[in-house]
Amino acid sequence: MRARRGFIERSIADITATLEKAIFSEELARKEGLLQNLDPRMKVITFLALLLAVSLSQGLLIIVALYFLTLLLAWRSRIPLGFFIKRVWLFMPFFTGMVALPALFNIFTPGEPIVTLWQTERFHLAITIQGLRTATFLVLRVGVSVSLALLSVLTTPWATLLKALHILRLPQVFILILGMAYRYAFLLLHTANSMFLARQSRTVGQMPGGENRRWIAASASTLLAKSYHLSQEVYLAMLSRGFRGEAQMLDTFRLKPSDWLWGATLLALALLAVLM
Amino acid sequence: MKMRKEPIFELERVSFTYDGKVTALREVSLAVAAREKIALLGANGSGKSTLLMILAGLYFPALGQVRAFGNALTEEAFKDESFAFSFRRKVGLLFQDPDVQLFSPTVWDEVAFAPLQLGLDQEEVVSRVEEALRLLRIESLRDRAPHRLSEGEKKKVAIASILSLHPEVWLLDEPTAGLDPRTESWFLDFICQLNEVGHTVITATHDLDAVDLIADRIYVLSEENRLIAQGTRQEILSDRELLLRCNLTHEHRHRHERLEHAHPHRHPERHIHPHE
Ligand SMILES: Nc1ncnc2c1ncn2[C@@H]1O[C@H](COP(=O)(O)OP(=O)(O)O)[C@@H](O)[C@H]1O
Ligand SMILES: [Mg+2]
């Protein structure tokens, strides 16, 4: 019989599985689809324009429309829609809940109350229309932005994405950090997972809560020490192969007419969304 | 043994400690001439990897002197761009842990890293990469992410990534660990060929069978991190007592018909065994 796994263990296993499927396996990035066939530089530019439109637009409906555009693009790129929608909106409460929740109330967003939760002579707690509007904007903006970012990552092999960013003259350090972050995320998640598995195989029954927490704290520090050591060694390995602070890469991208057409269309749409 | 001139590495009473606590080398002195085939022999923890990192100009000992190609090998010396460039170009280090060495997003990029950092033109880069992939028979892995490969495949990619540098001096840290038998014997042959065409090869290992093939001269490190013996291959390998004292086990390979198997065993006393 398997011991019941705790919340943290389940979350780690879940995050690993998602990342594995979404990013590390690059299974989706190698499919034949609309976004997969675009020039990665053009893709990065147009997605940045869309992101900008999402954060600048003042209309709720426009943001919703941009979300449907995102879904359409995902569908044309053979991304499983259920997976794509669920992953973004299930994680949303974690990221924005903390910020969006207080905004609902009259304490933070004064205005016309629609639901009164608490009423005494000196204290009044209510959800306001303005608060609801602010919170909805926030959640939608973040959700659609995350969807756009996820979509571009899902449809581009990581190596190609980094190269495109490099060619678009993003600072070297930034690209190197992204590259390393990706590698460590992979390594750390796998290490964490195997540490959990190794412990599970040695534990009969259930560990008491306190002991479990201590174990998790100790493992976390081991993981950090490992990743620190690794980053030092990786840097030495790069040095020994001639790295001098600026990585050189080959530029092999070519723009097709369809890329220009895509670029013009999407930039026009983004501009329209901001102006409307 | 012929005496050769041009010493390329000279160490004089070098001691190295990690974080001022763990001692990895104690007063090690050695000299390596160009075109030599050398083994650093020692049990786990005897300081072989540390010694290679020093030879590669990645660690700098606080005590003792290191000279390479007639120059002092110090942190200061590497601040001189032209010295750093010419040294990195001449000396290739194969790390013990291939995970450290593989930091690029794809196998192709990994193998192209060194030639690109050297500033070679595109055609030369491509031809070096293709040559290395072909020699290691890993053309089919070109688009894969190095960190997702099997241990043996990782090792091959790591070897290819040094090969594309075309170094004069090869520093190899347990190069055959994790390789399948066919690739292992290919690589041992390859090391001998490198040496025959004029490269210097320094290999750290505890595998006595491998040493037999890839070293003319051997330095032995004790478990107390001291250099306790040096001599020709014949001198060292026939000194059973020395090997035993350094906790070095001898692996016997036996062939039964077409099956090959190896089992480690120690030599309680001198005995003779036929090789082939
Ligand atoms: N990064 C490090 N930090 C602290 N101690 C280390 C580090 N690397 C190696 N050591 C210690 O230094 C000694 C020599 O290690 P090493 O050079 O890796 O030996 P070998 O390669 O022969 O196994 C060992 O006692 C080891 O534990
Ligand atoms: Mg070692």
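1. A backbone N or O atom of B:Ser46 lies 3.3 Å from an oxygen atom of ligand 1, a polar contact in the sense of a pair of N or O atoms within 3.5 Å. The model is predicted, with local features requiring pLDDT of at least 70 and side-chain atom pairs pLDDT 80 or more, while totals for chains, interfaces and linings use all residues. Residues are numbered from 1 along each chain as its sequence is written, chains are lettered from A and ligands numbered from 1 in the order in which they are written, and side-chain values use heavy atoms, leaving out hydrogens and water.

2. Two side chains also reach oxygen atoms of the ligand. For B:Ser49, a polar side-chain atom is 2.7 Å from an oxygen atom of ligand 1; for B:Lys48, the corresponding distance is 2.9 Å. Alone, ligand 1 exposes 560 Å², and the protein buries 69% of that (Shrake-Rupley method, 1.4 Å probe).

3. Ligand 1 lies between chains A and B. The residues around it include A:His229, B:Tyr18, B:Asn44 and B:Thr50, where a residue is counted if one of its heavy atoms lies within 4 Å. By class, the shell has four nonpolar, seven polar and one charged residues; Gly is counted as polar, and Asp, Glu, Lys and Arg as charged.

4. Which elements supply at least two residues each of this shell? They are β2 (22–33) and α1 (48–55) of chain B, and α1(B) gives the most, with three residues. Helices (H or I, at least four residues) and strands (E, at least two) are DSSP runs numbered from the N terminus.

5. Strand β3 (residues 37–42) of chain B is mostly covered, with six of its six residues buried (under 20% relative accessible area, 1.4 Å probe, protein chains only). In a regular strand, side chains alternate between the two faces of the sheet. On β3(B), B:Lys37, B:Ala39 and B:Leu41 are buried on one side, and B:Ile38, B:Leu40 and B:Gly42 on the other.

6. β3(B) is parallel to β8 (200–205) of chain B over five bridges, with B:Ile38 partnered by B:Ile202. Five bridges also join β3(B) to β9 (217–221), again parallel; there B:Gly42 is partnered by B:Leu221. Pairing requires at least two DSSP bridges between two strands.

7. The open sheet has six strands in the order β6-β7-β8-β3-β9-β10 (chain B), with mixed pairing. Its edge strands, β6 (91–94) and β10 (227–232), each pair on one side only.

Note on methods:
Polar contact = N/O pair within 3.5 Å; in protein donor to acceptor, adjacent residues only side chain to side chain. Buried < 20%, exposed > 50% of the residue type's maximum accessible area, 1.4 Å probe, protein only.
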